[in-house]
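Student: Could we go through this one together? I would like to talk it over piece by piece.
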Number of protein chains: 2
Amino acid sequence: MASLKDNSAERQEKKEILRRYIEEKGLKSTVQRDLITDTFLKAKTHLSLEELLREVRKKNPRIGYATVYRTMKLLTECGIAVERNFGDGQTRYEPIPESHHDHLICTGCGKILEFEDERIERLQYEVARERNFKVKSHKLELYGLCLECQKKEKRT
Amino acid sequence: MASLKDNSAERQEKKEILRRYIEEKGLKSTVQRDLITDTFLKAKTHLSLEELLREVRKKNPRIGYATVYRTMKLLTECGIAVERNFGDGQTRYEPIPESHHDHLICTGCGKILEFEDERIERLQYEVARERNFKVKSHKLELYGLCLECQKKEKRT
DNA sequence: TAGATCTTGATTTCGATTCTCACTTTTGAT
DNA sequence: ATCAAAAGTGAGAATCGAAATCAAGATCTA
Ligand SMILES: [Mn+2]
Ligand SMILES: [Mn+2]
Ligand SMILES: [Zn+2]
Ligand SMILES: [Zn+2]
């Protein structure tokens, strides 16, 4: 019974992290930040700012887009969100995952699949070590077509 | 005696590819295109447009930067250059290599090392296959510090 | 050499993101 | 509750890399 994807506990944890960060830094909590944070944590992941703003404005149409930019930067700073750039010229955000993962991106429909492969991770570090490189982060993205888009392509 | 890095033969091949492409498409060859292409093929690799333009203008200060953008797009189209994006907000270009490679990027000094690892490549395709994904391209970048920058860091 | 076609370079436009600033909200102290 | 200091907001301007526009120039072919 462990996977009904009820992430409300996780959401609470993340909001708590933000609360502490705001307190530490002498920042202020605002209705805008609360709304944006909630919307972000509940929404589908890998959201662009435009998508997030649209979602947020359903609840409060007066939110300015600068505020969404600023809030996402804040969430990234305090470590509950991660920025992603999949080469379409728009930064996307996802809630920071428990463990690292990489991405398969369908260039047909934009679908994004996540994967984790310990063997690849190990080999990356091996390659870096051989070159005296100290890896801080990495980016592995596979671009291609998902099954549905492969079928669509054949029909053409 | 196989590695004096005299790539003039390679350069000629690439220029020949461009010549054919220009002919096929009914384009015209111009002094600007020749100069930009030569400069690009001779320069250090992973050049940003700004860097390339600077180099080009040493020979001909009247070259406009739109021409450099257009020419690099052309070289990419005809398959003698590849675009790279290492997350610093500037597209970089390198002459298309004989075989695929990935990159280690030093976030300290900007140095870029290239590597090839057949094992990683294989695993990537395995991961994709398991998910019914047809990979068209991929991007693997390791960000971190080169040895020199690690030393500099310690001194701080 | 003419003339159709393509190319150029200066400039404008674009789209994503950041900045600016007058006005508002939060917060902690009275 | 009231106040003042500090931080946050939203609208619009500024920025930056890249792409589009367009009048003037170069190329190529018949
Ligand atoms: Mn993800
Ligand atoms: Mn390279
Ligand atoms: Zn798809
Ligand atoms: Zn370095």
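This is a predicted model: local features need pLDDT of at least 70, side-chain atom pairs count only at pLDDT 80 or more; totals for chains, interfaces and linings use all residues.
Tutor: Residues are numbered from 1 along each chain as its sequence is written, chains are lettered from A and ligands numbered from 1 in the order in which they are written, and side-chain values use heavy atoms, with hydrogens and water left out.

Student: Which salt bridge crosses between chains?
Tutor: One of them joins B:Glu126 and A:Arg119, at 3.1 Å from N to O; B:Glu126 sits in helix H5 (residues 118–130) of chain B and A:Arg119 in helix H5 (residues 118–130) of chain A. Here a salt bridge is a side-chain nitrogen of Lys or Arg within 4 Å of a carboxyl oxygen of Asp or Glu, and helices (H or I, at least four residues) and strands (E, at least two) are DSSP runs numbered from the N terminus.

Student: And how many salt bridges over all chains?
Tutor: The count comes to 32. Among them is the pair A:Lys58 and A:Glu55, with the closest N and O atoms 3.3 Å apart; these two are three residues apart in helix H3 (residues 49–59) of chain A, and therefore separated by about one helical turn.

Student: Is A:Lys58 buried or exposed?
Tutor: A:Lys58 is exposed at 63% relative accessibility, whereas A:Glu55 is partly exposed at 32%; buried means under 20% relative accessible area, exposed over 50%, and partly exposed in between (1.4 Å probe, protein chains only). By contrast, A:Glu141, which forms a salt bridge with A:Lys139 at 3.7 Å, is buried at 3%, and A:Lys139 also counts as buried, at 19%.

Student: Switching topic, what are the protein donors of the zinc ion (ligand 3)?
Tutor: They are the SG atoms of A:Cys106, A:Cys109, A:Cys146 and A:Cys149, lying 2.2 to 2.4 Å from the zinc ion; donors are N, O and S atoms within 2.8 Å of the metal (3.2 Å for Na, K and Ca), and water is not among the atoms, so sites may look incomplete.

Student: How are the donor residues spaced in sequence?
Tutor: The spacing is C-x2-C-x36-C-x2-C. A:Cys109 lies in the loop between strand E4 (102–106) and strand E5 (112–115) of chain A, and A:Cys146 in the loop between strand E6 (134–145) and helix H6 (147–154), so this pair ties together parts that are 37 residues apart in sequence. A:Cys109 is partly exposed at 41%, while A:Cys146 is buried at 3%.
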